[in-house]
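Please keep the model open while reading.

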Amino acid sequence: MPFEGEVNPQDRRGTPQARLLAESAALKRFSRRSFIGGAGAASLLAADMLLTREVQSQRRTTRILQVADDFADAYYPDASWFLFPGYKTSWEEAQWILNTLRGALNKRARLAAVGYSNLGLNINEVVNAIVDYISAEKITKLFFYGHSFGGMLATQVAARLLAAHGVEVQFILLDSSPYSAHDVLDQSWFDGVVFLYERGFRFPSTLRGGYELGERIIHKDERSWRQILDQTLEQLSPIAPSSVLVQTESAYIYHFDGSQFAGKLGKAKMAYLGNPKDQTVAYETAVETWAVVFKDNMVSSNLQTTGAAPAHASPGWNPQVYRPLLTELLDEFVPLPRGGSRVSIF
């Protein structure tokens, strides 16, 4: 029982001094391990924010991403493959695709990929980046690999290079490429993306995460759960294409008209590689339309990536399917050269 004038301890708990003492005691009990763990987590978050900012700042322009290959660099210094990445394909994934296919591609040319700007797909920037690269590297032989929608872009760029610079592409490979927006199977979703983009709406990353995951679950039969997780997380990472780039790619596909480039590719040889089980692009209509419209250039349209999973444009996941087909195709229509030269087209 407290003496007269003494404050009951029960009453001290609500005073500012009592709260301060309680908080001090709690701080003392806070373990060093917890403090170090919290500090480490904060450091990782800060580093991630800095990395994200750095990565995004480096991808504000279109760049040509060279993939070093000792054999090709030594024997074919004047020739280069250019991979045109598909829809939502990051710079890293584009380079990964070239690495998985190097055994089939490096026997004819060096390896490079087009890295699209995160500010949006810009045809002039792509053409200029390629022109600058072939001038600096003294490239005289060009081979294009159109990965999914990249086949559309590769065709347009090839026509532009010939018309504006007199540079003729030797070979254009279309890997599961749609000929037009009508070949896109998820038409309502695709139309919605373009509709919102052309009315000024930009997808925030949180909303994008939902539709990335949903799109892959819809095509679950084309992917394993591990592929769904890996591909979804990649699209939410700092290295992923920006939402603006994805929306501009959508708009490009939506408005693409291949017929305007027919007869404007010179002697370029074209080939189509696809899969009848493709659930992203309507294989039958796409391959038939490309073959009819570009009949003067198309040399092969019957090779199929049977057994590939996912079925749509997946060389990175299925090199054992793609490499033999590419080797067969190139051996027939692009015979091995005797050697390179350093004669420049400029």
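## Ser 117

Leaving aside neighbours within four places in sequence, Ser 117 is in contact (heavy atoms within 4.5 Å) with Arg 59, Arg 60, Thr 61, Thr 62, Glu 125 and Leu 245. Ser 117 sits in the loop between S3 and helix H6 (123–137). Its relative accessible area is 1%, so Ser 117 is buried (under 20%, 1.4 Å probe, protein chains only). A polar atom of the Ser 117 side chain lies 2.9 Å from the backbone oxygen of Arg 60.

The model is predicted: local features need pLDDT of at least 70, side-chain atom pairs count only at pLDDT 80 or more, and totals for chains, interfaces and linings use all residues. Residues are numbered from 1 along each chain as its sequence is written, and side-chain values use heavy atoms, with hydrogens and water left out.

## Thr 248

Thr 248 belongs to helix H11 (residues 243–255). Thr 248 counts as buried because its relative accessibility is 10%. The Thr 248 side chain reaches the backbone nitrogen of Leu 121 at 3.0 Å. A polar atom of that side chain also lies 2.7 Å from the backbone oxygen of Leu 245.

## The second largest cavity

The whole structure holds three cavities of 30 Å³ or more (sets of points on a 1 Å grid over the protein atoms alone, where a 1.4 Å probe fits but cannot get out). Of its 14 lining residues, the closest to the centre are Thr 89, Ser 90, Trp 91, Tyr 116 and Leu 245. Lining residues have an atom within 4 Å of a point. Helix H5 (91–105) and strand S3 (110–115) each give two or more residues to this lining.

Note on methods. Helices (H or I, at least four residues) and strands (E, at least two) are DSSP runs, numbered from the N terminus. Buried means under 20% relative accessible area, exposed over 50%, partly exposed in between (1.4 Å probe, protein chains only). A polar contact is a pair of N or O atoms within 3.5 Å; within protein, one must be able to donate a hydrogen and the other to accept it, and residues adjacent in sequence count only if both atoms are side-chain atoms. On a 1 Å grid over the protein atoms alone, a cavity is a set of points where a 1.4 Å probe fits but cannot get out, and a pocket is an open set with protein on both sides within 12 Å along at least five of seven lines; lining residues have an atom within 4 Å of a point. Grid points are joined across faces, edges and corners, and a volume is the space filled by probe spheres set on the points.
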